[in-house]
Amino acid sequence: MTKRVDPRVQRTRALLRAAVLELATEHEPESITVAHVAERATINRATVYQHYRDLDELLLDAMENELAGLVGLVARCPLVVLPRDMPPAFVDILDHVDANAVLYRRMLGPCGSARFINRLHQLVAEQVTLQLVEAGVGPAGSPVVEMRAHCATGAVMGLVSHWLHDAPVHPATAAADAWQALRPDHGATTP
């Protein structure tokens with residue numbers, strides 16, 4: 001039997017999540033305080049601590065829907081057995097990030113949230129692991145699958161971070177350039 005959550009708790013958490021996301025688009029995460037969130041949500045500061053252990057936990061909870069959307073796109077994009085032509089889902093990943101670029105820039109930047117980065121890495125690696133298992137590379141949890149999953153995850157996260165911070169080009173252009181780098185025949189000439 002599922003425990004029913006009090007509607008007042010749901011409303012308060014929704015207010016807190018909205019407040020912290022608004023603040024995260026306006027300020028670096030390290031400069032946001034619980035007092036700022038409470039003021040923006042128009043609630044008492046102590047109430048924040050009744051719902052969340054700390055600001056980082058609140059920020060991660062607030063980003064969970066965003067992460068779910070991104071990870072859903074990663075699940076649709078072949079990152080293990082790469083087709084010759086770039087799949088539309090690869091562009092969709094960068095389009096998704098671009099829609100909330102300020103927030104992702106702050107969360108993945110030097111003053112971002114380590115919990116957020118670790119959670120994103122974990123979720124992407126889980127999707128890549130599923131692709132590796134489906135491709136017959138090995139069973140989930142095997143060293144070869146784990147190493148390849150984290151390698152591919154690092155590539156995706158490196159691409160997103162570099163694109164957000166250092167290469168501000170259109171998402172489709174960034175995706176096309178990255179896809180060429182990921183393809184095993186990159187740079188090969190056809191006779």
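## The nonpolar core

The largest nonpolar core holds 56 residues, and Val37, Phe90, Phe116, Leu120 and Leu164 touch the most other members. A nonpolar core here is a set of buried Ala, Val, Leu, Ile, Met, Phe, Trp, Tyr and Cys residues joined through side-chain atoms within 4.5 Å. Buried means under 20% relative accessible area, exposed over 50%, and partly exposed in between (1.4 Å probe, protein chains only). Two or more residues each come from helix 1 (7-26), helix 2, helix 4, helix 5, helix 6, helix 7, helix 8 and helix 9. Helix 4 is the top contributor, giving eleven residues.

Keep in mind that this is a predicted model: local features need pLDDT of at least 70, side-chain atom pairs count only at pLDDT 80 or more, and totals for chains, interfaces and linings use all residues. Residues are numbered from 1 along each chain as its sequence is written, and side-chain values use heavy atoms, with hydrogens and water left out.

## The whole chain

The protein chain has nine helices and zero strands. Helices (H or I, at least four residues) and strands (E, at least two) are DSSP runs, numbered from the N terminus. Of the chain's 191 residues, 39% count as buried. The C-alpha trace spans about 70 × 45 × 25 Å along its principal axes.

Now for contacts, meaning heavy atoms within 4.5 Å. Take those between residues at least 6 apart in sequence: 65% of them join residues at least 24 apart.

## Helix 7 and its neighbours

Helix 7 covers residues 114-134, and its 21 residues reach 30 Å from first C-alpha to last, close to the 30 Å expected. That expected span is 1.5 Å times one less than the number of residues. Its buried residues include Phe116, Leu120, Leu123 and Val124, and the buried residues pack against helix 4 (55-76), helix 6 (101-108) and helix 8 (143-166). After the helix comes Gly136, with a positive phi near 80°.

How do helix 6 and helix 7 meet, and at what angle? They pack at about 105°, with their axes 8 Å apart. That makes helix 6 roughly perpendicular to helix 7, a label for angles of 65 to 115 degrees (under 35 is roughly parallel, over 145 roughly antiparallel, the rest oblique). Axes are lines fitted to C-alpha atoms, for helices over the stretch in contact, and angles run from 0 to 180 degrees between N-to-C directions. Tyr104, Met107 and Leu108 of helix 6 meet Phe116, Ile117 and Leu120 of helix 7. Leaving out residues up to four places away in sequence, Phe116 touches Leu60, Met63, Leu67, Tyr104, Met107 and Leu108.

Arg76 sits in helix 4 and counts as exposed, at 52% relative accessibility. Setting aside residues up to four places away in sequence, Arg76 touches Ala89 and Asp92.

Most residues other than glycine have a negative phi. Thr42 isn't a glycine, yet its phi is positive, about 55°. You'll find Thr42 in the loop between helix 2 (34-41) and helix 3 (45-51). Is Thr42 buried or exposed? Thr42 is exposed, with a relative accessible area of 70%.
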